[in-house]
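Good morning, everyone. Let's talk about aromatic rings and their neighbours. Here is the structure.

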Amino acid sequence: MSLKKMNNFRFMLFIVVTPLISCATNQQPLAGRPAEFSNEQTLASLDSAQVRLEDIKLDVSTLNPRTGGRKAGNESRRTPPPPAIANESEQTFEKRVTQGSKLKSADQPLLLSGSSGIDPQTVNTLEAVKLYREFLDKFPDYERRDQVLYQIARAYDELGDVEGSMKIINQLISEYPGSRYMDELQFRKGEYYFTRKRYLDAEDAYKAVVAMGAQSSYYEFALYKLGWTFYKQDLYQEALRQFFALLDYKNSIGYDFNRLRGTLEDQRVEDILRVISLAFSNLGGVNAVHEYFASFGKPAYESYIYRDLGEYYLDKRRYTDAAQSYKAFVKLNPYHKMSPHFDMRVNEIFKLGGFSQPVIEASKGIFTSYGLKSEYWKHNSIQTNPAVLGYVKDSLKNLANHFHALYQNKNLEKNKQENFLEAVKWYREFLDSFPKEEASPVINYQLADLLFEHQWYGQAATEYAHIAYSYPAYSKAEAAG
């Protein structure tokens with residue numbers, strides 16, 4: 001066909017399509033799409049199959065799509081999917097994070113004359129498909145043929161003709177392996193097979209995207225869904241390798257695992273950590289974590305793996321497993337900044353489970369591990385860890401009060417002396433460690449009363465005198481003297 005005829009057809013196409021299109025600046029993404037990606041049109045951003053003028057103008061000066069790769073362009077932030085529901089079940093969680101993509105239309109369809117009783121949105125989309133088809137029939141060797149086919153695939157997707165869309169996608173993958181749309185096409189192919197539980201086919205498609213590397217805006221999502229593809233086949237080790245690869249990538253680009261949660265990206269990281277916990281639970285729990293890290297190395301965010309596994313078990317009311325998950329990290333990393341917080345969490349877990357004796361042992365352990373004379377403070381600064389000292393103070397007070405109460409329990413007369421000595425020990429440990437604390441006069445007075453009650457009058461008198469002279473502002477100082 002001559003250039004003149006081609007230009008005439010271009011003009012006619014422009015005239016016919018113009019009434020059918022509307023501005024596409026408020027496009028909504030498919031659920032599960034990357035939060036940021038190129039402004040160029042994608043299957044996910046099709047709204048009522050409304051054709052953009054720049055997609056139909058036959059600019060022969062544009063780059064050949066066979067050169068491959070996406071062109072750099074401005075990126076725009078998209079509307080995020082709704083946040084995860086707190087305390088959602090495993091079934092709900094899996095459904096939410098693995099669901100297929102759904103198109104959302106932002107624009108109102110145009111009301112065409114004579115369209116009474118006809119869905120204008122469907123008319124627009126069908127017209128777009130017809131125009132694209134006619135154009136390809138007239139120009140079968142058009143340089144940007146892959147882009148036209150791509151628009152047809154988008155239109156079929158909007159019409160709900162998923163099979164028709166996939167037929168075009170497979171044609172594009174086969175005929176244009178260097179297309180700039182290849183990462184999205186393979187990702188959509190993976191989604192298609194994943195939602196139909198054809199996991200081996202989905203695996204191949206997601207792997208093709210992952211192989212393109214981080215320059216693809218679909219890289220992170222492909223890694224994530226590849227992990228789920230293995231998980232759905234009960235291949236938990238392989239699933240873990242994909243999920244950890246994704247977290248390693250996040251870590252490499254500066255993601256802060258310590259920051260407060262709240263953004264869409266944070267929610268995605270939490271979802272990854274949760275499925276990792278599910279996988280490790282299926283492999284045997286905390287021992288599986290040890291084995292995995294022994295084989296593949298410990299990540300920089302190791303503490304979050306143990307934390308989330310512990311919380312997973314706590315949610316199941318598997319208190320012992322939850323506590324063991326936290327303690328396992330502490331045992332391997334006794335001087336880590338998170339270890340005292342994990343030990344305190346163990347204490348809380350035992351309280352929630354109603355285990356009184358483990359609570360006492362956990363409280364003793366906190367003093368042993370993080371008291372002022374402990375090895376921990378040779379590796380960490382007391383000044384920058386006031387919360388840890390708070391744990392120690394609370395543990396000492398709780399221990400002293402606990403054994404003091406046992407001493408006064410008439411049903412435990414045979415253990416009276418033992419409980420007395422334990423109470424005295426923990427009272428003194430508090431006063432020796434924190435003599436100038438606001439609570440110190442009260443603790444000292446309780447110790448004096450306990451000594452007096454046990455008829456250790458000499459030591460009781462010494463403590464009362466100490467209170468009177470050391471804490472003159474204390475309300476009971478005068479009575480003590």
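**Aromatic pairs**

The count here is 37 aromatic pairs, where rings of Phe, Tyr and Trp (its six-membered ring) pair if their centres lie within 6.5 Å; planes under 30 degrees apart are stacked, over 60 edge-to-face, and the rest tilted. Take Tyr292 and Phe296. Their ring centres are 4.6 Å apart and their planes sit at 40 degrees, so this pair is tilted.

A word on the source. This is a predicted model, where local features need pLDDT of at least 70, side-chain atom pairs count only at pLDDT 80 or more, and totals for chains, interfaces and linings use all residues. Residues are numbered from 1 along each chain as its sequence is written, and side-chain values use heavy atoms, with hydrogens and water left out.

Back to the pair. Tyr292 and Phe296 are four residues apart in helix α12 (residues 286–296), so about one helical turn separates them. Helices here are DSSP runs (H or I, at least four residues), numbered from the N terminus. Tyr292 is buried, at 5% relative accessible area. Phe296 is partly exposed, at 43%. The cut-offs: buried is under 20% relative accessible area, exposed over 50%, partly exposed in between (1.4 Å probe, protein chains only).

Next pair. Phe350 and Phe355 have ring centres 6.2 Å apart and planes at 85 degrees, so they are edge-to-face. Phe350 is buried at 16% relative accessibility. Phe355 is partly exposed at 32%.

Now, charges over rings. The rule: NZ of Lys or CZ of Arg within 6 Å of the ring centre and within 35 degrees of the ring normal. The charged end of Lys225 sits over the Phe194 ring, 4.5 Å from its centre. Lys393 has its charged end over the ring of Phe434, 5.2 Å from the centre.

Definitions and conventions: Helices (H or I, at least four residues) and strands (E, at least two) are DSSP runs, numbered from the N terminus.
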